[in-house]
Amino acid sequence: MNKILINGKFVDEHEATVAYNDRGYNFGDGIYEYIRIYDGKLFTAREHFERMLRSASEIGLDLNDSVDDLISLVRELAEINHVSNGGIYIQATRGISPRNHAFPTPPVEPVITGFATAYQRPFKELNEGVSVVTTEDIRWLRCDIKSLNLLGNVLAKEYATKYNAVEAIQHREGIVTEGASSNAYAIKDGIVYSHPTNHLILNGITRQVIKWICEDENIIFKDEAFTVDFLKDADEVFISSTSAEVMPVVKIDGEDVNDGNVGAITRQLQKGFERYIDSHSVS
């Protein structure tokens, strides 16, 4: 039986409950992170929790945990559930209080929960590529905060599912932002393009790793916005996330990207990602 983390304690999953007046449940008032586990090691855990603490600061949520504290928590959660390959979801809400839009006064204790899931890497999709669709980005204007408010993302992902696509790449008035649960990239003339990391996208941890790989491999990476037309005319397209890694896109809205095959630069980035799994994982 799986063990669930609730405020520093590990309980059986059938005992894990959510309070009816938890602000995460009532308002989506909270933040989260998702950390990948490869062969028993946490991948880029420090970067994930540095981002989590930034998200907390941006919404005025005072967490009493340091990056090292959070790493220790998820390491124990993985070990107690015997997950050596998979991922850990961890979230923090503003806490339990009577329902009122304003912050509780005085503040209440945040509620931190987490769970671990075992699964294998998506080798077939990484090798063959996936299909995506495009859709209007209807989310709020602070996408740089990894908040629990994911209804816009959910609707975009459901739209993709209806068209047998893996992801929905979103755009605002024709300018590509990011996927429903990923960052999006277009490659043209050997240059990797991705929307700048402002309030309209999440600064993905895998996106950061890809920038490191590009620097290692002397591949030009431009934080530069581009249109849906540019995306569809690209030489190569890929998406990235903690679970998807460097995922090639071979079809957009039912049409092939270039010749419909995974491109050489995407393959180069995938090989670089394999190296970073070893160098940026902690046991």
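Helix α5 (151-162) gives the largest share of the lining of the largest pocket, 3 residues; helices here are DSSP runs of H or I with at least four residues, strands are runs of E with at least two, and both are numbered from the N terminus. A pocket is found on a 1 Å grid over the protein atoms alone, as an open set of points with protein on both sides within 12 Å along at least five of seven lines, and its lining residues have an atom within 4 Å of a point. The model is predicted, so local features need pLDDT of at least 70 and side-chain atom pairs count only at pLDDT 80 or more, while totals for chains, interfaces and linings use all residues. Residues are numbered from 1 along each chain as its sequence is written, and side-chain values use heavy atoms, with hydrogens and water left out.

The largest pocket has a volume of about 690 Å³, a volume being the space filled by probe spheres set on grid points that are joined across faces, edges and corners. Its lining counts 31 residues, and Tyr32, Lys146, Ala180, Ser181 and Ser182 lie nearest the centre. Two or more lining residues come from each of β3 (30-38), α2 (45-58), α5, β9 (175-179), α6 (205-217) and β13 (236-241). Sorted by class, this lining holds 12 nonpolar, 14 polar and 5 charged residues. Here Ala, Val, Leu, Ile, Met, Phe, Trp, Tyr, Cys and Pro count as nonpolar, Asp, Glu, Lys and Arg as charged, and the others, Gly among them, as polar.

Thr17, Val18, Asp22, Val111 and Thr113 are the closest to its centre among the 20 residues that line it. The elements giving two or more residues to this lining are β1 (3-6), α1 (23-27), β5 (86-93) and β6 (111-118), and β6 provides the largest share, 4 residues. The classes in this lining are 12 nonpolar, 7 polar and 1 charged.

About 50 Å³ of space lies in the largest cavity. Around it are Glu236, Val237, Pro248, Val249, Val257, Asn261, Val262, Gly263 and Thr266, with β13 and β14 (245-252) each giving two or more residues.

Two helix pairs complete the picture. The axes of α2 and α6 come within 10 Å and cross at roughly 130°; axes are lines fitted to C-alpha atoms, for helices over the stretch in contact, and angles run from 0 to 180 degrees between N-to-C directions. The two helices are therefore oblique to each other, since angles under 35 degrees count as roughly parallel, over 145 as roughly antiparallel, 65 to 115 as roughly perpendicular and the rest as oblique. In α2, Glu47, His48 and Arg51 meet Ile205, Gln208 and Trp212 of α6, where contact means heavy atoms within 4.5 Å.

Helix α6 also crosses α8 (residues 264-279), with axes that come within 9 Å at roughly 105°, which makes α6 roughly perpendicular to α8. On the α6 side the contact includes Trp212 and Ile213, and on the α8 side Leu269 and Phe273 are among the residues involved. The residues of this contact divide into 8 nonpolar, 3 polar and 3 charged.

Methods. 1 Å grid on protein atoms, 1.4 Å probe; cavity = no way out; pocket = protein on both sides within 12 Å on 5 of 7 lines; lining within 4 Å.
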